[in-house]
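I keep these notes while looking through a structure that is new to me. The entries follow the order in which I looked things up.

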Amino acid sequence: MGYLAPMVRLLALLLLVAAPAFAGSKGDWFASLYTGEGVELRNDERVFTLFAIFNAMGFDQGPVTRRDPIPKVIYHPVRQQVRGRVIGGDPEVRKAADAFFDAHPTVLRKYLSYALASDQPPFATGAKAKDLQDLKGLEQLLAKAWTGWKLEELMGAVQTDYRKVLKSYLAGTDFPIARARGMLKVPETTEALIVVNLLDSQDQVRAVLGDGGEAFLIVGPSDKPNVEGVIREFARLWVEPAVARQVGKWAGGVVVLREAQAAGAPEQSLQDYATATITQAIALRAVEANDAAFEAAAARGYYGIKDISKLFDEGNPLDTIVVDAMQKIETRRPAKK
């Protein structure tokens, strides 16, 4: 950020100092905080509304503390409060959501991309990008939920919880994001925004690119700021497409994947596994993790992860690094006994 950094730090300080003065106002909900290097920290009505719908329609991922006779899932208190409102709220919203989901069966990440490319409430306009038009009309469902479930009122009731999480990310994110940018050669003009989403599952981070090229990093609840998760997802935005272009060249990948799964890696496809390994390497390097963290990742099936992190020192194009990383994964896995 150069000469802008002092100004941004002053703005962040002023926002923090002023927060109690308008904590009960509608305007506070829309206010952003900024780190010293200008990473925006914010809440987002579109994300809140989308995940309120998901929770009402059966999204129940979270830590399970009891399996029998029925699973007991632990939710963040805010998520529990919102679920109580929307599950018992206007049933017409759930009917509309059920019909829309039946007609548009696609991955959650695409729904998130569409929502973040749509207008804020009252959701007058949806996403314009061609690759999102198969979800056209989602903005109408968001508007129906926003009104029918009185979500503006509900958001106001939980804003203190959101602001507390936002503040926890003010420190400790600038250096890792800057380092990941450098490793991936992502220009500083590509804005990074951290969005808090307490309606998601524990320790979940999701990332999508906005229609302006900005990186939305949506963080779920966690016991402490999930900086490593933020960096993994930030890196995935660039690593995943490169892996998709190169993974077909990995002749020995299927065997490696089976061995990695046996060691504990949960990924089911070769593309997801290669992406997870490379993004973890970037994240651990960016947060300056110790050797034990790299060794623990390797023990879980992410082989050669420390060697992969060093590939980014060579200045090669990302596609070249991906090919080299796949080779490292294969040659660094433990020898069979």
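Which side chains meet in a salt bridge at 2.7 Å, N to O? I found Asp 44 and Arg 46. I note here that the model is a predicted one.

Asp 44 has 2% relative accessibility and so counts as buried. Arg 46 counts as buried too, because its relative accessibility is 8%, and the cut-off for buried is under 20%.

**Entry: other salt bridges**

I looked up the total, and the count comes to 16 salt bridges. I then picked out some of them.

Arg 232 pairs with Glu 228, and their closest N and O atoms are 3.1 Å apart. Both residues sit in helix H10, 4 residues apart, so about one helical turn separates them. Arg 232 is partly exposed at 28% relative accessibility. Glu 228 is partly exposed as well, with a relative accessible area of 28%.

Asp 319 forms a salt bridge with Arg 245, with 2.7 Å between the closest N and O atoms. This pair links distant parts of the chain: Asp 319 belongs to helix H15 (residues 318-332) and Arg 245 to helix H10, 74 residues apart. I have Asp 319 down as partly exposed, because its relative accessible area is 22%.

I also found a network of salt bridges that links Arg 109, Glu 233, Arg 236 and Glu 240.

**Entry: the largest pocket**

How many residues line the largest pocket, and which are closest to its centre? I first noted its volume, about 700 Å³. The lining has 23 residues, and Gln 204, Val 205, Arg 232, Glu 233 and Arg 236 are the closest to the centre. Arg 232 is the residue I had already noted in a salt bridge with Glu 228. Glu 233 and Arg 236 I had already noted in the salt-bridge network.

I looked up which elements give two or more residues to this lining: they are H6, strand E6 (205-209), helix H10 (227-246) and H12. H10 gives the largest share, 6 residues. Sorted by class, the lining has 11 charged, 7 polar and 5 nonpolar residues.

**Entry: aromatic pairs**

I looked up the aromatic pairs next, and the structure holds 10 of them. One is formed by Phe 100 and Tyr 111, edge-to-face, at 6.2 Å centre to centre and with 75 degrees between the planes. The pair links distant parts of the chain, since Phe 100 is in helix H5 (residues 91-103) and Tyr 111 in helix H6 (residues 108-116), 11 residues apart. Phe 100 counts as buried at 10% relative accessibility. Tyr 111 is buried with a relative accessible area of 3%.

Another pair is Tyr 273 with Tyr 302, which is stacked: the centres are 5.9 Å apart and the planes 20 degrees. Tyr 273 lies in helix H12 (residues 270-286) and Tyr 302 in the loop between helix H13 (291-299) and helix H14 (305-311), so the pair ties together parts that are 29 residues apart in sequence. Tyr 273 and Tyr 302 are both buried.

**Entry: an aromatic cluster**

Which residues form one aromatic cluster? I found Phe 51, Phe 54, Phe 59, Phe 100, Phe 101 and Tyr 111. Phe 100 and Tyr 111 are the edge-to-face pair from the entry above.

Note on methods:
Residues numbered from 1 in each chain as written. Predicted model: local features only at pLDDT ≥ 70, side-chain atom pairs only at ≥ 80, totals over all residues. Heavy atoms only, no water. Phe/Tyr/Trp six-rings, centres within 6.5 Å; stacked < 30°, edge-to-face > 60°. Buried < 20%, exposed > 50% of the residue type's maximum accessible area, 1.4 Å probe, protein only. 1 Å grid on protein atoms, 1.4 Å probe; cavity = no way out; pocket = protein on both sides within 12 Å on 5 of 7 lines; lining within 4 Å. Points joined across faces, edges and corners; volume = space filled by probe spheres on them. Nonpolar A, V, L, I, M, F, W, Y, C, P; charged D, E, K, R; others polar. Salt bridge = Lys/Arg side-chain N within 4 Å of Asp/Glu carboxyl O.
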